[in-house]
Amino acid sequence: MLKQVEAGSGQRLEGDETGRGADLLVRSLKAAGVTRIYSLSGNQIMPVYDACIDAGIEIVHTRHEAAAVFMADAHAQITGGLGVALVTAAPGAMNALGALYSARTSESPVLILTGDSSVSQDGMGAFQELDQVSIVRPLVKSSQRPETVEALGSALTDAIRTARSGRPGPVHIALPFDVLETETTFVPIDPSRFDISDQAGTEEDCAALLDAVDRAERPLVLMGPSLSATRQGDLAERFSNALDCPVVVMESPRGLKDPSLGAFASVLSKADLIVTFGKPIDFTLGFGKPAAPDCRWIVLDPDSAEIERARRNLGTGLIHAIQAEARPFAESVIGCARRETRAARSDWRETATRLIAARSEADRTESEGRVTPQALTRAVQSRLDKAGESIVVCDGGEFGQWAQAGTNGTRRIVNGPSGAIGGSPCYGLAAKLARPQALVYALMGDGTVGFHLAEFETAAREGAAFVAIVGNDMCWNAEHQIQLRQYGPDRLIGCQLSDARYDLAVAALGGHGEFVSHIADLDAALARAEASGNVALVNVLIEGRPAPSGTGH
């Protein structure tokens with residue numbers, strides 16, 4: 001808690017600072033390492049904007065509140081720090097909710113600050129008065145509305161620690177206008193107040209896990225989104241080598257049918273022991289049912305609710321449950337692993353690798369004279385391969401699945417387990433601002449690009465020179481494919497789009513645009529987009545195809 005003394009009392013301590021609640025908030029954010037806030041302005045948050053000037057915190061001013069949250073999400077994933085979104089009251093806060101749900105399922109430590117009507121006007125019908133806390137609470141780890149300036153500092157400290165601890169995720173603070181404007185005196189903030197203590201589990205838990213893995217012939221480890229290579233580097237690889245077993249990070253809502261995981265469902269069905277690290281036993285794993293009937297499970301999760309869910313879904317298959325934080329526990333296991341080399345285990349790892357890399361023959365077929373999704377992703381990958389540092393952003397939908405299966409960079413951001421689409425222009429912008437030296441590609445479909453098209457103006461204004469690829473099949477192809485499969489070709493409705501020139505729209509918004517209809521023109525267009533030094537959109541007419549699939553799908 002930040003030490004407070006009554007404003008105007010004359011009782012100042014040496015080194016104390018004075019200012020408004022907004023100044024206390026912003027200086028506290030600065031002490032927590034925040035240097036950039038993604039925001040869309042509004043009446044109630046203008047004191048925070050003013051305070052950012054003196055604190056030296058940059059504001060990236062977006063065109064929609066959801067975009068600010070998507071950007072904060074990407075910032076958190078790429079930097080490993082806290083992403084901060086600042087939006088105004090009531091309608092502004094409500095506009096951010098969809099993106100907040102994505103941040104929650106992607107396990108991103110995001111702080112969303114929302115303006116609010118004054119406490120002194122509660123119940124009087126104030127402008128944009130709304131019980132935001134009750135609405136936002138189901139989407140976040142914590143939601144607070146400090147009603148005094150004295151409560152503001154401790155609310156912020158608690159929120160930041162909560163966002164970063166356990167399973168990372170978003171937190172919310174509503175900021176009453178009169179609290180932001182209240183004069184106060186406070187001591188300089190100690191950054192150590194935002195530190196968290198990792199709960200790495202017990203030595204007995206570590207020993208039990210290692211013993212179970214040692215006795216298994218075909219163990220498989222599944223990790224949740226917060227342990228991806230983008231966020232934790234080579235953690236999964238080191239864990240795999242230490243325990244001599246395959247490790248798979250799951251980030252996609254398509255779960256066992258994630259195209260980037262090939263025939264992963266076959267791997268799961270062959271395993272005799274499955275260990276989950278922060279990976280919920282939910283729909284993405286078929287609630288555990290696709291595993292072999294005699295498969296044993298060990299579940300590690302920081303949340304007791306997820307452990308109870310695992311018990312319900314796995315029944316007697318769950319042999320051990322550990323409540324601990326996934327990353328520090330994984331490091332503990334690596335540190336005390338007793339690796340034993342066995343031919344059978346080596347064969348199992350090779351089998352898993354081969355199955356995950358498997359693709360059906362249909363994924364590789366070409367269409368004469370037309371750009372196919374796989375030809376487009378191959379061309380993008382060849383550009384990424386030439387870069388020293390690269391970030392690839394993949395949205396959802398059918399083309400998004402081609403992108404996730406066919407492209408990879410030094411780091412990767414996908415649309416996450418929420419299944420939401422539309423955030424990729426925002427992810428690309430924030431990724432480029434966070435890592436300006438990296439080559440950043442954001443791949444999306446023509447339906448997806450419409451959600452936040454205006455953010456290309458934000459990117460041009462902010463100098464965020466990433467390359468957006470639109471795989472344009474003039475269709476909401478994911479739903480179109482559902483209609484074809486479920487109802488037949490004579491029952492298609494509502495999923496067709498036009499041949500709109502998204503490239504010209506981006507050029508009009510201040511960026512660079514390219515239009516491609518033939519494969520022979522693609523690489524040159526990508527090269528021009530990169531060389532433009534501006535945010536660029538390459539609009540590529542493609543053949544609409546179902547998402548790629550592994551041979552086991």
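1. Buried here means under 20% relative accessible area. By that cut-off, helix 1 has these buried residues: Gly21, Ala22, Asp23, Leu24, Leu25, Val26, Ser28 and Leu29. That is eight of the eleven residues of helix 1 (residues 21-31), a helix that is mostly covered. After helix 1 comes glycine 33, with a positive phi near 95°.

2. The model is predicted. Its chain holds 22 helices and 20 strands. The C-alpha trace spans about 75 × 60 × 45 Å along the principal axes.

3. Of the 553 residues, 57% count as buried. The chain exposes about 21500 Å². Carbon and sulfur atoms supply 50% of that area. Take the contacts between residues at least 6 apart in sequence: 76% of them join residues at least 24 apart.

4. Proline 47 sits in helix 2 (residues 46-55). Is proline 47 buried or exposed? Its relative accessible area is 5%, so proline 47 is buried. Which residues does proline 47 touch, leaving aside neighbours within four places in sequence? They are Arg20, Ala22, Phe177, Leu180 and Glu181. Ala22 is also one of the buried residues of helix 1. Serine 252 is 205 residues from proline 47 in sequence. In space the two are 39 Å apart, C-alpha to C-alpha.

5. The largest pocket has a volume of about 770 Å³. It is lined by 32 residues, and the closest to its centre are Ala229, Val247, Val249, Leu261 and Asn408. Several elements give two or more residues to this lining: helix 10 (229-232), helix 11 (235-243), strand 11 (247-249), helix 15 (343-357), helix 17 (397-406) and strand 16 (411-414). Helix 15 has the largest share, five residues. By class, the lining of the largest pocket has 13 nonpolar, eleven polar and eight charged residues.

6. The second largest pocket holds about 650 Å³ of space. Its lining has 32 residues, and Arg254, Gly397, Glu398, Gln401 and Ala478 are the closest to its centre. Helix 17 and helix 20 (477-486) each supply at least two residues of this lining. Helix 20 gives the most, with six residues. The lining of the second largest pocket divides into eleven nonpolar, 14 polar and seven charged residues. Note that helix 17 is also among the elements that give two or more residues to the lining of the largest pocket.

7. How many cavities of 30 Å³ or more does a search of the whole structure find? There are three. The second largest cavity has a volume of about 40 Å³. Its lining is Gln77, Ser106, Pro225, Arg231, Glu251, Val414, Gly416 and Pro417. These residues divide into three nonpolar, three polar and two charged.

8. Helix 14 (residues 326-336) has Ala326, Pro328, Phe329, Ala330, Val333 and Ile334 as its buried residues. Residues three or four places apart in an α-helix point the same way, because there are 3.6 residues a turn. What do the buried residues of helix 14 pack against? Their partners are helix 9 (203-215), helix 11, strand 12 (273-277), strand 13 (296-301) and strand 14 (318-323).

9. Aspartate 244 has a positive phi, near 55°. It lies in the loop between helix 11 and strand 11. Aspartate 244 is buried, because its relative accessible area is 3%. Methionine 474 also has a positive phi, near 55°. Its place is the loop between strand 18 (467-472) and helix 20. Methionine 474 is partly exposed, because its relative accessible area is 32%.

Definitions and conventions:
Residues numbered from 1 in each chain as written. Predicted model: local features only at pLDDT ≥ 70, side-chain atom pairs only at ≥ 80, totals over all residues. Heavy atoms only, no water. 1 Å grid on protein atoms, 1.4 Å probe; cavity = no way out; pocket = protein on both sides within 12 Å on 5 of 7 lines; lining within 4 Å. Points joined across faces, edges and corners; volume = space filled by probe spheres on them. Helix = DSSP H or I, 4+ residues; strand = E, 2+ residues; numbered from the N terminus. Nonpolar A, V, L, I, M, F, W, Y, C, P; charged D, E, K, R; others polar. Buried < 20%, exposed > 50% of the residue type's maximum accessible area, 1.4 Å probe, protein only. Contact = heavy atoms within 4.5 Å. Areas by Shrake-Rupley, 256 points an atom, 1.4 Å probe, with all protein chains shown as cover.
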